[in-house]
Amino acid sequence: MHQAFPVTQLRTDHDDVSEIIADLLADGVDREFLPHVEAHLPRLHDLFVQLYGERPDGRERLASVVDLARRSWALRPTELKAIDRERESEPGWFESERMLGGVCYVDRYAGGLGGIREAIPYFQELGLTYLHLMPLFESPEGNSDGGYAVSSYRRVNPKLGTMQELSELAADLRRAGISLVVDFIFNHTSNEHRWARKAIAGDPAYEDFYLIFPDREMPDAYERTTREIFPDDHPGSFVQLDDGRWIWSTFYHFQWDLNYANPAVFEAMAGEMLFLANQGVEILRMDAVAFIWKRLGTTCESLPEAHLLLQAFNAVLRMAAPGLLFKSEAIVHPDEVISYISPDECQISYNPLQMALTWEALATRDGRLLQQALERRHALPDGTAWVNYVRSHDDIGWTFADEDAAELGIDGYPHRRFLNDFYVGRAEGTFARGVPFQENPRTGDARVTGTTASLAGIEAGDSAGEDRVVLAHALALSTGGIPLLYLGDEVAQLNDYGFADRPEESGDSRWVHRPFRPAQNYADRADAGTPAGRVFARLARLLAVRRSTPELAGNELIAFDAHVASIVAFVRPGDAGFDVVVMANVADSPVTVDALTLSGLRPEALDLVSGAPTWLGAGLPLAAHEVRWLRVRSR
Ligand code: GLC
């Protein structure tokens, strides 16, 4: 052990908790802070016992984490404490039909933090209530995995602005009704982080922050069961250091995984988390959650300890910055994705399954896999929500469960191959213009990149391209939770092939779908003679309807069998005597839902998008790629 203070182990009863609270009282603890500790320390203690019960320094570490929380609370600005109180009294605030997310790169979209501030009126025009700024911290020059290699969590990349500007921006956004979301990249740091430099310089306390091995023995043993995540960069999960040793790097070779088996790492990262919370960040996007705990002989993904760690971070947050939310980024098997979602762990989560299956349905013109996912994999615990998106800054991976697909007679492996070929433009008759990402010839694995407009057919000049963009968004806007727009997609931005000429981007095809702010498309957004104008007008209408449709809030969804393979259909029950029925036709040709199928619904419906009354008594015709949001009286 490297710490200077005396060491003691955790006890399994709650004597540790009582003692820590007694110490706080003796110290004259803030009266507002105390109830938070009383409410959450027992939980944190239990988690620590499970994670660090064997460690001789477990007890001391727990006490110092509580002290960290106390000091952080003391520094927490009054305005943020007011938000904490508001959120604690209205814990479901993020489930409202008014919630709408946007995501962008600070430099690409707006030049810097000042430019983001200038864009606030536009964000308000769209109705954003949540803005995810892509990683904006100090990171290595050149390739930094788009900022996901962090060299300091307390300094903003000087090209974008300063930490002071970030916290001022957070306040401006808040006044505009928009919550600032930033990444908490806590699985790894960059190799230029102060901790990493100390580790390399041989400081034993910091060597223990990472997973470093003298030779290949342990790396080989681990790699027998781990997956390759960025095979284009390096095979396996380790990279070799200049001195010949091997260090764990799940992603790029300059992103070094942290060793959470060491409670000093937990404490250090809790400090960075609380620092960010006090800058006015309201939602932390918990990056790469599946990878944070490692154990020999396992895949080292989604281990039980990964959950315990997240819950422990959550407990710390509840003590010192209770208004914040965690958003899980787990792009893994659907059973695992859901395992991160609970009020005590991550309250919100990307919904990669719905995202991927929306594209799957558009390619196959068959809605059944998506329909099945809505039926069986959409439900969530109370107090949590999906973040539904059409695409993100990352590639699309086909994360559906093979066993689900098998029930529909679909063999997962060839189906993924088909989808990859289709979306990278290799399949006969495809409308998509995507680019492959991390193709692994050994495993046959690959993922797909591309902007929504390029994947949906606008780039290829397919006449249904705009309809597909609208359909995909109409689904993300109506299944519940928080819809998230990739800014620029609302004006139909196309792929940026220029990435191939930029050395720091050319090796990573995800840059193809991270274009600079498409100024011309924005200039065209009122011009119905352009794809940008038409897509924008149609999406703006959907956004406006959504925010005035309370049935679309929350997560409750009842799948509706329309008896047509190309139709995805569901009911969003409301509590004021009305439901909203959503029907989307993914086919290239018109279909009709027959009257008998609809006979369980009241026949008088209101089409929320057009405002026209609609009679369901004689069946419902749907044009190719048409989506209807219909309000009907509840039965
Ligand atoms: C997440 C990010 C991705 C990044 C990776 C490593 O998956 O979304 O862009 O490459 O984490 O930080």
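The lining of the second largest pocket comprises ten nonpolar, eight polar and eight charged residues. The model is a predicted one, in which local features require pLDDT of at least 70 and side-chain atom pairs count only at pLDDT 80 or more, whereas totals for chains, interfaces and linings use all residues. Residues are numbered from 1 along each chain as its sequence is written, and side-chain values rest on heavy atoms, with hydrogens and water left out.

The volume of the second largest pocket is about 570 Å³, and among its 26 lining residues Asp107, Gly142, Ser144, Asn157 and Lys159 lie nearest the centre. Here a pocket is an open set of points on a 1 Å grid over the protein atoms alone, where a 1.4 Å probe fits, with protein on both sides within 12 Å along at least five of seven lines, and lining residues have an atom within 4 Å of a point. Helix α5 gives the most to this lining, with three residues.

Leucine 41, placed in helix α2 (residues 34-52), counts as buried because its relative accessibility is 0%, the limit being under 20% relative accessible area with a 1.4 Å probe and protein chains only. Not counting residues up to four places away in sequence, leucine 41 touches Val17, Ile20, Ile21, His36, Leu62, Val66 and Met319, contact meaning heavy atoms within 4.5 Å.

Methods
Grid points are joined across faces, edges and corners, and a volume is the space filled by probe spheres set on the points. Helices (H or I, at least four residues) and strands (E, at least two) are DSSP runs, numbered from the N terminus. Ala, Val, Leu, Ile, Met, Phe, Trp, Tyr, Cys and Pro count as nonpolar, Asp, Glu, Lys and Arg as charged, and the others, Gly among them, as polar. Buried means under 20% relative accessible area, exposed over 50%, partly exposed in between (1.4 Å probe, protein chains only).
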